[in-house]
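I opened this notebook to keep track of what I looked up, entry by entry.

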Amino acid sequence: MAPPRPNPGILDIAPYIPGEGGSEKGGRQIKLSSNETPLGASPAAIEAFRSAAASLARYPDGSASALRQAIAEVHGLDPSRIICGAGSDEILNLLAQAYIGEGTEGILTEHGFLVYPIAILTNGGTPVVAAETDLRTDVDAILAKVTEKTRIVFIANPNNPTGTYISNAEVRRLRAGLPEDVLLVLDGAYAEYVHEGDYDAGKELVEETDNTVMTRTFSKIYGLAALRIGWAYCPPQVADVLNRIRGPFNVSSQAIAAGSAAVRDIAHTQKAIAHNDKWLPWLTGELRKLGLKVTPSVANFLLVHFPQSTGSTTGRISAEAVDAALKQQGIFVRRVASYGLPDALRVTVGTEDENRAVIAALTEILSSSGREVQPDE
């Protein structure tokens, strides 16, 4: 007898592989592989989580009303347009479930978040990849890929794993160039870290159009990755669609309580932003002093390039070799070969001690490899 057959597209999915950590091993463990905040969760969020433990026998509020209200108050949004989920990953998958089907297409960028093609393939669609320019979303390349089969366009802004962004003007040009029946999804997982004056996470565009969605997460700056909380700000009709297909209790009571406290703890969020503002440029500068190319980032991580060895006497060392050497010292960063960047590593901004440790380790690794260390131009 033949075994059960999965739906079309499922076996084409490459499973998502998270950033590595070494918690099960002894010795020093520095995890800079998953873009988690080095400051941890807000004390208020931790206390709210503990208090919610008293009601474990009760189902959570199916509409996550308290969390939606907290998000709305802090960001100046209409709570009726907010959908909460188990991480922004669930929201992205719900959007694909609602608008992608067999014979349709979803567009993503060349080095876009790996959940996008997974969501498209899971729902029978075809992922279409638009080239980037200098590791940055290229609006014209996206528009050139649009066909009558296109149903959704995913862009991460800022993008993971490159750390680059496109301006509000470019996002609006993209929206204007897309057909009205194509949903534009603006994934703002790292939006809180961006200070550039020409950047906008998408709130106004969502409110001005019927075909734009903004997604956000509590897994990064808010330090609640373990609780899996994400949310989307949607046009009313899209919110209605997502409410029809999401799980009736898809956000736990503990997540609702902790998320509500975390988003309202503005002082803790500002502390996390200030930390990143100090150490992101420091790391960038120190890496460049080692002769490494670093893609400018507006997020809480850096994409660092290590050209493959050509077998010559230049002493170049590969990203794979550097990653292995860092692991030997208990430092875990992110290989991004699955993103089409085999010669790069993504490094999260950590604590002061962690940042200094990774620079010291890289200095030692590059020196011992015989690689000539010269400041990057």
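**Salt bridges**

I began with Glu208, which is exposed, since its relative accessible area is 53%. I note at the outset that the model is a predicted one. The side chain of Glu208 meets that of Arg172 in a salt bridge, with 2.8 Å from N to O, and this pair links distant parts of the chain, as Glu208 sits in helix α7 (residues 203-208) and Arg172 in helix α6, 36 residues apart. I found Arg172 to be partly exposed, at a relative accessible area of 29%.

I then turned to Arg173, whose side chain forms a salt bridge with Asp140 at 2.9 Å, N to O. Arg173 belongs to helix α6 and Asp140 to helix α5, so this pair ties together parts that are 33 residues apart in sequence. Both partners are partly exposed, Arg173 with a relative accessible area of 33% and Asp140 with one of 46%.

I also looked up Lys31, which has a salt bridge to Glu36 with the closest N and O atoms 3.1 Å apart. Lys31 counts as partly exposed at 36% relative accessibility, and Glu36 is likewise partly exposed, at 32%. The count of salt bridges comes to eleven.

**A buried arginine**

Arg81 is placed in the loop between α2 (65-75) and β2 (82-85). Leaving aside residues up to four places away in sequence, Arg81 touches Val206, Glu207, Ala232, Tyr233, Cys234, Pro235, Pro236 and Ala239.

For α2 itself, I listed Leu67, Arg68, Ala70, Ile71 and Ala72 as the buried residues, and these pack against β2, β8 (230-233) and α9. Just after α2, Gly76 takes a positive phi of about 70°.

**Helix pairs**

The axes of α1 (residues 43-52) and α9 (residues 253-264) come within 8 Å and cross at roughly 155°; the two helices are therefore roughly antiparallel to each other, and their crossing is right-handed. On the α1 side the meeting residues are Ala44, Ala45, Ala48, Phe49 and Ala52, and on the α9 side Ser253, Gln254, Ala257, Ala258, Ala261 and Ala262.

How far apart are the axes of α10 (residues 266-289) and α12 (residues 352-368)? They are 11 Å apart, and the helices pack at an angle of about 5°; α10 and α12 are therefore roughly parallel to each other. Their contact includes His275, Trp279 and Trp282 of α10, together with Arg356, Val358 and Ile359 of α12.

**Backbone geometry**

I kept in mind that most residues other than glycine have a negative phi, and that most peptide bonds are trans. Asn35 has a positive phi near 60°; Asn35 lies in the loop between β1 (30-31) and α1 and counts as buried, at 0% relative accessibility. Leu135 also has a positive phi near 60°, in the loop between β4 (126-130) and α5 (139-144), and counts as buried at 18% relative accessibility.

Finally, I recorded a cis peptide bond joining Asn157 and Pro158, with omega about 5°, and a cis bond from Asn160 to Pro161, with omega near 25°. Pro158 is in the loop between β5 (150-156) and α6 (168-177), and Pro161 lies in the loop between β5 and α6 as well.

Methods
Residues numbered from 1 in each chain as written. Predicted model: local features only at pLDDT ≥ 70, side-chain atom pairs only at ≥ 80, totals over all residues. Heavy atoms only, no water. Helix = DSSP H or I, 4+ residues; strand = E, 2+ residues; numbered from the N terminus. Contact = heavy atoms within 4.5 Å. Axes fitted to C-alpha atoms, helices over the stretch in contact; angles between N-to-C directions. Parallel < 35°, antiparallel > 145°, perpendicular 65-115°, else oblique. Left-handed = near helix turned anticlockwise from the far one by under 90°. Buried < 20%, exposed > 50% of the residue type's maximum accessible area, 1.4 Å probe, protein only. Salt bridge = Lys/Arg side-chain N within 4 Å of Asp/Glu carboxyl O.
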